[in-house]
Amino acid sequence: MNTLISFIVVFGLLVFIHEWGHLYFAKRAGILCREFAIGFGPKLFSFKRNETVYTIRMLPLGGFVRMAGEDPEMIDIKPGYEIGLVFNGRQEVSQIIINNKSKHPEAKVVQVEKIDLEHELFVQAYDDDELVRYKVNETAVLVQDEQPTQIAPWNRQFGSKSVGQRALAIFAGPMMNFVLAFVLLAALALMQGIPVDRAEVGEIMEGGAAEEAGLVEGDQVTSIENTPVDTWEEMTTIIQQNPNESITFTVVRNGQTESIAVTPNERVGQMGDAEGFIGVTQPREFSVIGSLTFGVTQTYLFMTMIFEVLGLLVTGQFSLDYVAGPVGIYNYTGEAAALGIFVLMQWAAALSVNLGIINLLPIPAMDGGRLVFIGLEGLRGKPIDPQKEGMVHLVGFALLFLLVIFVTWNDINRLFM
């Protein structure tokens, strides 16, 4: 249950902040955002605020912001159609009733001669054999099967905005993932302290060799076995080289120098060989400026690590074992949660950076792929054919979905190996 809750909180936060970035900058550009969704598939929960419907959907595989103009409008009114018109106080059309007009006795039923809901915003229709032109309010809604859909005048559509505005609305999603990682890591440093590279005893672990030998938090280690040490790395290197062997620490405590014999315990190192450890953590210090710096440097470190893995694609050393799908992420999130809130925060930051970078790759259906088309439009001076672009993104989405299925199968196999 803890794993499930942790996964929902972490993954939900990452997707939410990513999509919120798209939503915020799209609205700042004046784009009508019809839906803000977490997940895909059938709706589980929804509510409407202002012009946007906020939904939670069944499949927790991401999210989306549906902007007006990105997809063809679903309701097409042609000449000869009979529709119902409902007017506001300024005698502008506020509702256009497509069917079930009998349920709207307040609506004036007319036969359409000409209609423009994008540019001039009017309905020209016959009313008792008289041709009348009605002005349509820019926030009017189309009502079909009792479901209202707000019209999208051209100035509210994604395609009407400048290249820069559209690029920012798309780039904002990954950008917010990097911002989230920075905030999480800076908050982690504020709560836990910033690791410092000093030869100093940090927190003492209960039952460890350091506690048994009498080391105290804050002891400054000047040498081990008469070898001077100045940094945490130098100190831990000597400790790791001497498992189960007594070594003498020279420490400064309260201004006085003391010699303390410590026998490091033994454990298996990263290379599979035996190494020593004494049960102390790296010293930490608390600083607002230092925490902000830590947030920046660690976010950058996560970026470089991810690019190193992606670089293996170029050398042909890449393996799908480096990739985790929803099942793998769920499993790793449970392991991080079991180690405590601080480890979970660091894991969430790493995932957020990963999500941001992957979305920026020039892959169709991803944010990076969409940015490529916007960039090409900027270079050409005219947009790519929407149908061709849509087909490229559709194929890309299908391939990505197949990749998710394959990676998920790979994750399941790893769990039972």
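Which residue forms a salt bridge with Arg-198, the closest N and O atoms being 3.6 Å apart? The partner is Glu-285. This pair joins distant parts of the chain, with Glu-285 in strand β16 (residues 284-285) and Arg-198 in the loop between β9 (194-195) and α3 (209-213), 87 residues apart. Before we go on, please keep in mind that what you are looking at is a predicted model.

Let us stay with Arg-198 for a moment. Glu-200 also forms a salt bridge with Arg-198, and here the closest N and O atoms are 3.2 Å apart. Glu-285, at 38% relative accessibility, counts as partly exposed. Glu-200 counts as buried because its relative accessibility is 16%, and the cut-off for buried is under 20%.

These pairs belong to a wider set. Side chains of opposite charge can pair when their charged atoms come close. In this model the count comes to 12 salt bridges. Among them is a network that links Glu-35, Arg-57 and Arg-66. Another one is formed by the side chains of Glu-70 and Arg-370, at 1.9 Å from N to O. Here too the pair links distant parts of the chain: Glu-70 lies in the loop between β2 and β3, while Arg-370 belongs to helix α8 (residues 367-380), and 300 residues separate the two. Glu-70 is partly exposed, with a relative accessible area of 28%.

Ala-68 is found in the loop between β2 (52-67) and β3 (82-87). Is Ala-68 buried or exposed? Its relative accessibility is 1%, so Ala-68 counts as buried. Leaving aside residues up to four places away in sequence, Ala-68 touches Ile-31, Leu-32, Arg-34, Ala-152, Arg-156, Gln-157 and Phe-158. For a sense of scale, Ala-68 and Gln-91 are 23 residues apart in sequence, and their C-alpha atoms are 26 Å apart in space.

Helix α2 (residues 163-192) and α8 pack at an angle of about 165 degrees, with their axes 10 Å apart. That angle makes α2 roughly antiparallel to α8, because angles over 145 degrees count that way. The crossing of α2 past α8 is left-handed. On the α2 side, the residues that meet α8 are Val-163, Arg-166, Ala-167, Ile-170, Phe-171 and Pro-174. On the α8 side they are Asp-367, Arg-370, Leu-371, Ile-374, Glu-377 and Gly-378.

A second pair of helices gives another arrangement. Helix α1 (residues 2-28) and helix α7 (residues 341-360) pack at an angle of about 40 degrees, their axes 10 Å apart. That makes α1 oblique to α7. The crossing of α1 and α7 is right-handed. The contact is made by Ser-6, Val-10, Leu-14 and His-18 of α1, together with Leu-344, Ala-348, Leu-351, Ser-352, Leu-355 and Asn-359 of α7.

Next comes helix α4 (residues 232-240), where Trp-232, Met-235, Thr-236, Ile-238 and Ile-239 are buried. Why do these residues lie on the same side of α4? They cover an arc of only 160 degrees around the axis, which puts them on one and the same side of the helix. What covers these buried residues includes the strands β10 (220-224), β11 (227-228), β12 (247-253) and β15 (274-277).

Our last stop is the backbone. Most residues other than glycine have a negative phi, and most peptide bonds are trans. Asn-244 is not a glycine, yet it has a positive phi of about 60 degrees. Asn-244 sits in the loop between α4 and β12. With a relative accessible area of 46%, Asn-244 is partly exposed. Asp-145 also has a positive phi, of about 55 degrees, although it is not a glycine. You will find Asp-145 in the loop between β7 (130-144) and β8 (147-150).

Terms used. Residues are numbered from 1 along each chain as its sequence is written. This is a predicted model: local features need pLDDT of at least 70, side-chain atom pairs count only at pLDDT 80 or more; totals for chains, interfaces and linings use all residues. Side-chain values use heavy atoms; hydrogens and water are left out. Helices (H or I, at least four residues) and strands (E, at least two) are DSSP runs, numbered from the N terminus. Buried means under 20% relative accessible area, exposed over 50%, partly exposed in between (1.4 Å probe, protein chains only). Contact means heavy atoms within 4.5 Å. The arc is that of the directions from the helix axis to the C-beta atoms. A salt bridge is a side-chain nitrogen of Lys or Arg within 4 Å of a carboxyl oxygen of Asp or Glu. Axes are lines fitted to C-alpha atoms, for helices over the stretch in contact, and angles run from 0 to 180 degrees between N-to-C directions. Angles under 35 degrees count as roughly parallel, over 145 as roughly antiparallel, 65 to 115 as roughly perpendicular and the rest as oblique. A crossing is left-handed if the near helix is turned anticlockwise from the far one by less than a right angle, and right-handed if clockwise.
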